[in-house]
Amino acid sequence: MAGRSGAGGKPVETRILPGDEPASIAEAAAAIRAGDPVAFPTETVYGLGADALDPRAVARVFEAKERPRFDPLIVHVADADAVGRYAIHEDAADPRVAALAALFWPGPLTLVLRRREVIPGIVTAGLDTVALRVPAHPVALALLAAAGVPVAAPSANRFGRVSPTRAAHVVCQLDGRVGIVLDGGPCRVGVESTVLLLAGGRAVLLRPGGLPVEAIEEAIGPVERPAHDAPDAASLSPGRGASHYAPGAALRLVEPWPGPGLVTAAGERVGLLAADAAGRAAAEAVGGPFVATEVLSPGGDVMEAAARLFDALHRLDAAGLDRIVAQPVPDEGMGRAIMDRLRRAARR
Ligand code: TXA
Ligand code: MG
(Lines give C-alpha, C1' and ligand atoms only; values in the text may rest on other atoms or scores of the structure.)
(Ligands and ions follow the chains in the order given, each with its own letter.)
Protein backbone atom coordinates (compact mmCIF):
# COMPACT_ATOMS: atom_id res chain seq x y z
CA MET A 1 0.00 0.00 0.00
CA ALA A 2 1.61 3.23 -1.10
CA GLY A 3 0.84 6.59 0.41
CA ARG A 4 2.22 10.07 0.72
CA SER A 5 5.61 10.12 2.26
CA GLY A 6 8.94 11.03 0.82
CA ALA A 7 9.85 14.60 0.13
CA GLY A 8 7.11 15.93 -2.11
CA GLY A 9 4.73 13.19 -1.02
CA LYS A 10 6.00 10.45 -3.34
CA PRO A 11 5.61 6.90 -1.99
CA VAL A 12 8.87 5.33 -0.80
CA GLU A 13 9.89 1.71 -0.50
CA THR A 14 9.54 0.63 3.14
CA ARG A 15 12.25 -1.73 4.42
CA ILE A 16 12.48 -3.48 7.80
CA LEU A 17 16.10 -3.61 8.97
CA PRO A 18 17.38 -5.66 11.94
CA GLY A 19 17.96 -3.15 14.73
CA ASP A 20 20.74 -5.16 16.35
CA GLU A 21 23.06 -4.81 13.34
CA PRO A 22 25.51 -1.88 13.30
CA ALA A 23 25.01 -1.44 9.53
CA SER A 24 21.27 -0.87 10.08
CA ILE A 25 21.96 1.73 12.76
CA ALA A 26 24.48 3.51 10.52
CA GLU A 27 22.01 3.59 7.62
CA ALA A 28 19.14 4.79 9.81
CA ALA A 29 21.32 7.48 11.42
CA ALA A 30 22.39 8.71 7.97
CA ALA A 31 18.72 8.89 6.94
CA ILE A 32 17.87 10.95 10.04
CA ARG A 33 20.75 13.33 9.32
CA ALA A 34 19.57 13.63 5.71
CA GLY A 35 16.10 14.71 6.89
CA ASP A 36 14.31 11.38 6.24
CA PRO A 37 11.99 10.00 8.95
CA VAL A 38 12.90 6.57 10.41
CA ALA A 39 10.72 4.24 12.49
CA PHE A 40 12.52 2.78 15.51
CA PRO A 41 11.70 0.71 18.60
CA THR A 42 11.54 2.05 22.13
CA GLU A 43 10.63 0.15 25.30
CA THR A 44 7.12 1.68 25.16
CA VAL A 45 6.00 1.72 21.50
CA TYR A 46 7.66 2.23 18.11
CA GLY A 47 8.36 5.87 17.20
CA LEU A 48 8.55 7.69 13.86
CA GLY A 49 11.60 9.90 14.30
CA ALA A 50 13.20 12.86 12.60
CA ASP A 51 15.95 15.35 13.42
CA ALA A 52 14.25 17.56 16.01
CA LEU A 53 16.36 20.56 14.99
CA ASP A 54 15.28 20.36 11.32
CA PRO A 55 11.74 21.75 10.83
CA ARG A 56 11.40 20.27 7.33
CA ALA A 57 12.25 16.77 8.55
CA VAL A 58 9.75 17.15 11.40
CA ALA A 59 7.08 18.32 8.94
CA ARG A 60 7.47 15.02 7.08
CA VAL A 61 6.65 13.12 10.28
CA PHE A 62 3.38 15.04 10.64
CA GLU A 63 2.64 14.36 6.98
CA ALA A 64 3.37 10.61 7.12
CA LYS A 65 1.13 10.21 10.19
CA GLU A 66 -1.54 12.65 9.00
CA ARG A 67 -1.12 14.18 12.43
CA PRO A 68 -2.63 17.62 13.05
CA ARG A 69 0.00 20.30 13.56
CA PHE A 70 -1.47 21.34 16.92
CA ASP A 71 -0.26 18.11 18.56
CA PRO A 72 3.36 18.48 19.76
CA LEU A 73 6.07 15.77 19.55
CA ILE A 74 8.34 14.24 22.17
CA VAL A 75 12.06 14.91 21.67
CA HIS A 76 14.15 11.79 22.34
CA VAL A 77 17.63 12.42 23.69
CA ALA A 78 20.60 10.19 24.55
CA ASP A 79 21.01 11.26 28.17
CA ALA A 80 19.93 13.74 30.83
CA ASP A 81 22.71 16.20 29.88
CA ALA A 82 20.56 17.20 26.93
CA VAL A 83 17.98 18.78 29.27
CA GLY A 84 20.21 21.83 29.76
CA ARG A 85 20.55 22.25 25.99
CA TYR A 86 16.83 22.23 25.20
CA ALA A 87 15.09 23.52 28.36
CA ILE A 88 15.51 26.95 29.97
CA HIS A 89 17.90 27.06 32.89
CA GLU A 90 15.24 27.60 35.54
CA ASP A 91 13.43 24.37 34.64
CA ALA A 92 16.56 22.36 33.79
CA ALA A 93 17.98 23.24 37.22
CA ASP A 94 14.80 22.16 39.07
CA PRO A 95 16.08 19.51 41.50
CA ARG A 96 13.02 17.39 40.74
CA VAL A 97 14.28 17.00 37.15
CA ALA A 98 17.63 15.62 38.31
CA ALA A 99 15.91 13.34 40.82
CA LEU A 100 13.49 11.88 38.26
CA ALA A 101 16.17 11.57 35.57
CA ALA A 102 18.47 9.69 37.96
CA LEU A 103 15.71 7.31 39.01
CA PHE A 104 13.78 6.74 35.79
CA TRP A 105 15.91 7.58 32.73
CA PRO A 106 16.41 5.80 30.45
CA GLY A 107 12.74 4.85 30.78
CA PRO A 108 9.06 5.49 30.10
CA LEU A 109 8.96 9.04 31.50
CA THR A 110 8.62 12.23 29.44
CA LEU A 111 9.31 15.58 31.10
CA VAL A 112 7.68 18.74 29.74
CA LEU A 113 9.83 21.80 30.48
CA ARG A 114 9.95 25.34 29.11
CA ARG A 115 11.91 25.23 25.87
CA ARG A 116 14.91 27.04 24.58
CA GLU A 117 14.71 28.80 21.20
CA VAL A 118 16.82 26.09 19.51
CA ILE A 119 13.79 23.76 19.47
CA PRO A 120 11.71 24.65 16.39
CA GLY A 121 8.09 25.67 16.92
CA ILE A 122 6.78 22.85 14.71
CA VAL A 123 8.07 20.29 17.26
CA THR A 124 6.15 21.87 20.14
CA ALA A 125 3.12 22.99 18.11
CA GLY A 126 3.95 26.55 19.05
CA LEU A 127 3.92 25.88 22.81
CA ASP A 128 6.63 27.42 24.98
CA THR A 129 7.40 23.98 26.43
CA VAL A 130 9.25 20.93 25.07
CA ALA A 131 8.73 17.27 25.95
CA LEU A 132 11.99 15.34 26.59
CA ARG A 133 12.63 11.65 27.11
CA VAL A 134 15.57 9.21 27.21
CA PRO A 135 14.18 5.91 25.87
CA ALA A 136 15.27 2.58 27.41
CA HIS A 137 15.84 0.51 24.31
CA PRO A 138 19.31 -0.40 23.02
CA VAL A 139 18.31 0.20 19.40
CA ALA A 140 16.85 3.65 20.18
CA LEU A 141 19.94 4.62 22.19
CA ALA A 142 22.27 3.36 19.44
CA LEU A 143 20.33 5.38 16.86
CA LEU A 144 20.46 8.55 19.01
CA ALA A 145 24.21 8.12 19.53
CA ALA A 146 24.91 7.51 15.85
CA ALA A 147 22.65 10.30 14.58
CA GLY A 148 24.14 12.80 17.03
CA VAL A 149 20.96 14.89 17.03
CA PRO A 150 17.84 14.92 19.22
CA VAL A 151 15.06 12.92 17.56
CA ALA A 152 11.46 14.16 17.58
CA ALA A 153 9.20 11.12 17.45
CA PRO A 154 5.52 10.47 17.94
CA SER A 155 4.26 6.90 18.03
CA ALA A 156 4.65 5.35 14.55
CA ASN A 157 0.94 4.95 13.77
CA ARG A 158 -1.51 6.94 11.66
CA PHE A 159 -3.05 9.67 13.76
CA GLY A 160 -5.81 8.40 16.06
CA ARG A 161 -5.05 4.73 15.44
CA VAL A 162 -3.57 2.03 17.70
CA SER A 163 0.12 2.55 18.58
CA PRO A 164 2.61 -0.03 17.20
CA THR A 165 4.43 -2.42 19.52
CA ARG A 166 6.02 -4.49 16.73
CA ALA A 167 7.77 -3.59 13.48
CA ALA A 168 4.96 -5.31 11.55
CA HIS A 169 2.39 -2.95 13.13
CA VAL A 170 4.38 0.01 11.78
CA VAL A 171 4.41 -1.44 8.27
CA CYS A 172 0.64 -2.05 8.44
CA GLN A 173 0.00 1.66 8.97
CA LEU A 174 2.94 3.44 7.35
CA ASP A 175 3.92 1.25 4.38
CA GLY A 176 5.07 3.55 1.58
CA ARG A 177 5.34 6.48 3.99
CA VAL A 178 8.61 5.66 5.75
CA GLY A 179 11.84 4.29 4.25
CA ILE A 180 13.42 2.45 7.18
CA VAL A 181 11.76 0.56 10.03
CA LEU A 182 14.35 -0.64 12.55
CA ASP A 183 13.14 -3.91 14.06
CA GLY A 184 13.84 -4.25 17.78
CA GLY A 185 11.30 -6.97 18.55
CA PRO A 186 8.13 -6.53 20.60
CA CYS A 187 8.08 -3.55 22.98
CA ARG A 188 8.63 -4.52 26.61
CA VAL A 189 6.39 -1.91 28.27
CA GLY A 190 3.76 -1.69 25.53
CA VAL A 191 2.02 1.58 26.48
CA GLU A 192 3.46 5.04 25.89
CA SER A 193 5.53 7.00 28.36
CA THR A 194 4.06 8.89 31.28
CA VAL A 195 4.04 12.61 30.40
CA LEU A 196 4.75 14.96 33.32
CA LEU A 197 4.77 18.76 33.16
CA LEU A 198 7.41 20.22 35.47
CA ALA A 199 7.52 23.76 34.09
CA GLY A 200 7.57 26.73 36.42
CA GLY A 201 7.48 24.76 39.66
CA ARG A 202 4.28 22.83 38.91
CA ALA A 203 4.02 19.05 38.60
CA VAL A 204 1.09 17.94 36.43
CA LEU A 205 0.35 14.49 35.03
CA LEU A 206 -0.49 15.10 31.36
CA ARG A 207 -0.70 11.43 30.32
CA PRO A 208 -0.66 8.30 32.47
CA GLY A 209 1.77 5.80 30.95
CA GLY A 210 4.48 3.21 31.42
CA LEU A 211 5.78 4.72 34.67
CA PRO A 212 3.06 4.73 37.36
CA VAL A 213 2.42 8.20 38.80
CA GLU A 214 2.66 6.63 42.26
CA ALA A 215 6.39 6.01 41.63
CA ILE A 216 6.87 9.65 40.60
CA GLU A 217 5.10 10.89 43.73
CA GLU A 218 7.32 8.75 45.89
CA ALA A 219 10.30 10.61 44.44
CA ILE A 220 9.07 14.24 44.25
CA GLY A 221 5.86 14.48 46.26
CA PRO A 222 2.29 15.16 45.10
CA VAL A 223 1.53 15.44 41.39
CA GLU A 224 -1.57 17.26 40.10
CA ARG A 225 -3.77 14.81 38.27
CA PRO A 226 -6.35 16.64 36.19
CA ALA A 227 -9.45 14.48 35.65
CA HIS A 228 -9.29 13.11 32.13
CA ASP A 229 -10.47 15.82 29.77
CA ALA A 230 -10.51 18.59 32.37
CA PRO A 231 -10.04 21.89 30.49
CA ASP A 232 -6.67 22.40 32.17
CA ALA A 233 -5.41 19.04 30.88
CA ALA A 234 -6.53 19.80 27.33
CA SER A 235 -4.87 23.21 27.21
CA LEU A 236 -1.61 21.96 28.73
CA SER A 237 -1.39 18.92 26.45
CA PRO A 238 -3.11 19.60 23.12
CA GLY A 239 -2.94 16.02 21.84
CA ARG A 240 -5.08 14.75 24.70
CA GLY A 241 -8.42 16.10 23.56
CA ALA A 242 -8.87 13.89 20.53
CA SER A 243 -10.10 10.32 20.31
CA HIS A 244 -7.16 7.93 20.12
CA TYR A 245 -6.06 4.34 19.87
CA ALA A 246 -9.17 3.56 17.84
CA PRO A 247 -9.29 0.10 16.28
CA GLY A 248 -11.44 -0.29 13.14
CA ALA A 249 -14.42 -1.70 15.07
CA ALA A 250 -16.23 0.23 17.82
CA LEU A 251 -14.85 -0.64 21.25
CA ARG A 252 -17.00 -0.60 24.34
CA LEU A 253 -15.66 -0.72 27.87
CA VAL A 254 -18.17 -2.87 29.78
CA GLU A 255 -18.50 -1.62 33.37
CA PRO A 256 -19.28 -3.40 35.61
CA TRP A 257 -17.95 -6.70 34.27
CA PRO A 258 -19.63 -8.96 33.26
CA GLY A 259 -22.60 -6.89 32.02
CA PRO A 260 -25.44 -6.84 29.49
CA GLY A 261 -23.12 -5.33 26.83
CA LEU A 262 -21.59 -8.80 26.44
CA VAL A 263 -24.72 -10.27 24.89
CA THR A 264 -24.33 -10.61 21.11
CA ALA A 265 -27.02 -10.60 18.41
CA ALA A 266 -27.33 -13.42 15.87
CA GLY A 267 -24.72 -13.01 13.12
CA GLU A 268 -22.98 -10.14 14.92
CA ARG A 269 -19.17 -10.36 14.87
CA VAL A 270 -18.07 -9.42 18.37
CA GLY A 271 -14.51 -9.61 19.74
CA LEU A 272 -13.70 -10.09 23.42
CA LEU A 273 -10.82 -8.23 25.07
CA ALA A 274 -10.55 -9.80 28.53
CA ALA A 275 -8.11 -8.56 31.15
CA ASP A 276 -7.61 -12.02 32.69
CA ALA A 277 -8.78 -15.64 32.48
CA ALA A 278 -11.47 -15.14 35.11
CA GLY A 279 -12.82 -12.17 33.17
CA ARG A 280 -12.97 -14.27 30.03
CA ALA A 281 -14.88 -17.05 31.80
CA ALA A 282 -17.32 -14.54 33.31
CA ALA A 283 -17.93 -12.98 29.89
CA GLU A 284 -18.50 -16.31 28.20
CA ALA A 285 -20.93 -17.31 30.96
CA VAL A 286 -23.25 -14.36 30.36
CA GLY A 287 -22.54 -13.35 26.73
CA GLY A 288 -20.99 -14.35 23.42
CA PRO A 289 -20.34 -16.19 21.27
CA PHE A 290 -17.21 -14.19 20.47
CA VAL A 291 -15.57 -14.63 17.08
CA ALA A 292 -12.17 -13.49 18.41
CA THR A 293 -10.84 -13.46 21.97
CA GLU A 294 -7.78 -11.83 23.51
CA VAL A 295 -6.77 -12.30 27.15
CA LEU A 296 -4.26 -9.63 28.20
CA SER A 297 -2.82 -11.59 31.12
CA PRO A 298 -4.32 -14.95 32.13
CA GLY A 299 -3.11 -14.52 35.71
CA GLY A 300 -4.10 -10.85 35.95
CA ASP A 301 -0.57 -9.38 35.92
CA VAL A 302 -1.03 -5.70 35.06
CA MET A 303 2.47 -5.24 33.60
CA GLU A 304 1.91 -8.17 31.25
CA ALA A 305 -1.52 -6.79 30.37
CA ALA A 306 -0.06 -3.39 29.44
CA ALA A 307 2.67 -4.98 27.34
CA ARG A 308 0.09 -6.93 25.34
CA LEU A 309 -2.67 -4.34 25.04
CA PHE A 310 -1.86 -2.78 21.65
CA ASP A 311 -0.81 -6.11 20.14
CA ALA A 312 -4.21 -7.52 21.15
CA LEU A 313 -6.01 -4.50 19.66
CA HIS A 314 -4.06 -4.90 16.40
CA ARG A 315 -5.10 -8.58 16.22
CA LEU A 316 -8.75 -7.79 16.96
CA ASP A 317 -8.53 -5.09 14.30
CA ALA A 318 -7.48 -7.73 11.76
CA ALA A 319 -10.46 -9.98 12.59
CA GLY A 320 -13.07 -7.87 10.78
CA LEU A 321 -15.34 -7.25 13.77
CA ASP A 322 -18.57 -5.30 14.22
CA ARG A 323 -17.60 -4.38 17.76
CA ILE A 324 -15.20 -5.15 20.60
CA VAL A 325 -16.16 -5.52 24.26
CA ALA A 326 -13.39 -4.74 26.74
CA GLN A 327 -12.95 -5.58 30.42
CA PRO A 328 -11.83 -2.78 32.75
CA VAL A 329 -8.81 -3.15 35.07
CA PRO A 330 -8.32 -1.39 38.44
CA ASP A 331 -7.59 2.29 37.70
CA GLU A 332 -4.32 2.54 39.64
CA GLY A 333 -0.59 2.09 39.01
CA MET A 334 0.02 0.70 35.54
CA GLY A 335 -3.72 0.01 35.30
CA ARG A 336 -4.25 3.77 34.98
CA ALA A 337 -2.44 3.77 31.61
CA ILE A 338 -4.46 0.76 30.37
CA MET A 339 -7.77 2.36 31.38
CA ASP A 340 -6.76 5.66 29.79
CA ARG A 341 -6.07 3.90 26.46
CA LEU A 342 -9.29 1.85 26.62
CA ARG A 343 -11.41 4.92 27.40
CA ARG A 344 -9.89 6.77 24.48
CA ALA A 345 -10.31 3.79 22.15
CA ALA A 346 -13.98 3.73 23.15
CA ARG A 347 -14.46 7.42 22.30
CA ARG A 348 -14.45 7.60 18.51
O1 TXA B 1 6.34 6.37 24.80
C2 TXA B 1 6.19 7.39 24.14
O3 TXA B 1 6.02 8.49 24.65
C4 TXA B 1 6.22 7.25 22.60
C5 TXA B 1 7.62 6.80 22.20
C6 TXA B 1 7.81 6.77 20.70
O7 TXA B 1 8.58 7.59 22.82
N8 TXA B 1 5.87 8.49 21.97
C9 TXA B 1 4.60 8.96 21.97
O10 TXA B 1 4.44 10.12 21.24
O11 TXA B 1 3.69 8.42 22.54
P12 TXA B 1 3.01 10.70 20.86
O13 TXA B 1 3.29 11.83 19.94
O14 TXA B 1 2.14 9.65 20.35
O15 TXA B 1 2.48 11.32 22.20
C16 TXA B 1 3.12 12.45 22.77
C17 TXA B 1 2.25 13.08 23.80
C18 TXA B 1 1.03 13.74 23.19
O19 TXA B 1 -0.09 13.51 24.03
C20 TXA B 1 1.44 15.22 23.15
O21 TXA B 1 0.32 16.07 23.16
C22 TXA B 1 2.29 15.32 24.41
O23 TXA B 1 3.00 14.11 24.45
N24 TXA B 1 3.25 16.43 24.33
C25 TXA B 1 4.34 16.55 23.54
N26 TXA B 1 4.94 17.72 23.71
C27 TXA B 1 4.23 18.40 24.64
C28 TXA B 1 4.33 19.68 25.26
N29 TXA B 1 5.28 20.53 24.93
N30 TXA B 1 3.40 20.01 26.17
C31 TXA B 1 2.43 19.17 26.50
N32 TXA B 1 2.26 17.94 25.95
C33 TXA B 1 3.15 17.56 25.04
MG1 MG C 1 0.59 8.48 19.77
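Modeller: Buried means under 20% relative accessible area, exposed means over 50% and partly exposed lies in between, using a 1.4 Å probe and protein chains only. This is a predicted model, in which local features need pLDDT of at least 70 and side-chain atom pairs pLDDT 80 or more, while totals for chains, interfaces and linings use all residues. Residues are numbered from 1 along each chain as its sequence is written, chains are lettered from A and ligands numbered from 1 in written order, and side-chain values use heavy atoms, without hydrogens and water.

Colleague: Why does Glu 43 count as buried?

Modeller: Its relative accessibility is 1%, so Glu 43 counts as buried. Glu 43 sits in the loop between β2 (38-40) and β3 (47-51), strands being DSSP runs of E with at least two residues. Beyond residues up to four places away in sequence, Glu 43 touches, among others, Arg 133, His 137 and Cys 187, where contact means heavy atoms within 4.5 Å.

Colleague: What makes Arg 69 lie over the face of Phe 62?

Modeller: Arg 69 is 5.6 Å from the ring centre of Phe 62, and the rule asks for CZ of Arg or NZ of Lys within 6 Å of the centre and within 35 degrees of the ring normal.

Colleague: How many cavities of 30 Å³ or more does a search of the whole structure find?

Modeller: The search finds three, a cavity being a set of points on a 1 Å grid where a 1.4 Å probe fits but cannot get out. The largest holds about 570 Å³, and its lining of 38 residues includes Arg 67 and Pro 72, which are among those nearest its centre. The strand β6 gives the largest share of that lining, four residues.

Technical notes
On a 1 Å grid over the protein atoms alone, a cavity is a set of points where a 1.4 Å probe fits but cannot get out, and a pocket is an open set with protein on both sides within 12 Å along at least five of seven lines; lining residues have an atom within 4 Å of a point. Grid points are joined across faces, edges and corners, and a volume is the space filled by probe spheres set on the points.
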